[in-house]
Amino acid sequence: MKKALIVWGGWDGHEPQQIAAIFANILEAHQFQVEVSDTLDAFGDGSKLKSLDLIVPVWTMGEISQEYVNNVSEAVQGGTGLAGCHGGMCDAFRNNVDWQFMTGGQWVAHPGNDSVKYTVEIKQSSSPLVQGMEDFLVESEQYYLHVDPAVEVLATTRFPVADGPHRFNKAVDMPVVWTKRWGHGRVYYNSLGHHAGIVEIPSVKELMTRGLLWAAEGKVSTEANAGSGSRL
């Protein structure tokens, strides 16, 4: 069985415990052995993290030690997948740029707050993560992020859509879903997921399911290539 660690906590407004439970159910349905923790001390054992197939952070606006960030980073570099959503991954630790570099972005604003109706536009590409997916509407926070230009963008949304100083700029397409590599590891992010009800939307849940499984498969690919002497 593949092994996954879900770590939840931080700001309660994002319903981290409920979202962690949704992710645990998804992974268990796909035959994962899942450990769920409500403490960042779960990142304290670097050797254990390296043995995992997947790490799923569900933690918003927290403080984390550099040692714990280094442990997660080294595990992902070795092939362990990293996947998450919304502020639980890309507004987790605002003071740690190493975490932001690894995850591919950082939240900076949500014009209109939690009442914006907007379209998530799927970027059709060679990625199996969006094959067969259609554009869909959501009513939630629309995340404005500072994003690593190295990411592969799989879905976007159009800004601006709400009153405020940003509306005087030209419209931009903001990434909603992306992937990137961190060493040999796969990183997946979806900016949707302000609360558990958003994650339960069928299109959002499907995207998250595909992303979680894809990130975890990186460990298998890394080990297979290492055994054959091939390079990734």
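**Close-up 1. Surroundings of valine 176 in the predicted model.** Once its neighbours within four places in sequence are set aside, valine 176 is in contact with Val120, Ala155, Thr156, Thr157, Tyr189, Asn190, Ser191 and Leu192, in a model that is predicted. Valine 176 itself is found in strand E10, which covers residues 172-182, and its relative accessible area is 1%, so that, with the limit for burial set at under 20%, valine 176 counts as buried.

**Close-up 2. The aromatic pair of tryptophan 107 and tyrosine 143.** The structure holds 6 aromatic pairs, among them a tilted one formed by tryptophan 107 and tyrosine 143, with 6.1 Å centre to centre and 45° between the planes. Because tryptophan 107 lies in strand E5 (residues 105-109) and tyrosine 143 in the loop between strand E7 (136-140) and strand E8 (144-147), the pair ties together parts that are 36 residues apart in sequence. Tryptophan 107 is buried, with a relative accessible area of 16%, and tyrosine 143 is buried as well, with a value of 3%.

**Close-up 3. The aromatic pair of tyrosine 144 and phenylalanine 159.** Tyrosine 144 and phenylalanine 159 form an edge-to-face pair, for which the centres are 5.0 Å apart and the angle between the planes is 80°. This pair links distant parts of the chain, since tyrosine 144 belongs to strand E8 and phenylalanine 159 to strand E9 (residues 152-159), 15 residues apart. Both tyrosine 144 and phenylalanine 159 are buried.

**Close-up 4. An aromatic cluster.** Phe43, Phe93 and Trp99 together form one aromatic cluster.

How values were computed: Residues numbered from 1 in each chain as written. Predicted model: local features only at pLDDT ≥ 70, side-chain atom pairs only at ≥ 80, totals over all residues. Heavy atoms only, no water. Phe/Tyr/Trp six-rings, centres within 6.5 Å; stacked < 30°, edge-to-face > 60°. Helix = DSSP H or I, 4+ residues; strand = E, 2+ residues; numbered from the N terminus. Buried < 20%, exposed > 50% of the residue type's maximum accessible area, 1.4 Å probe, protein only. Contact = heavy atoms within 4.5 Å.
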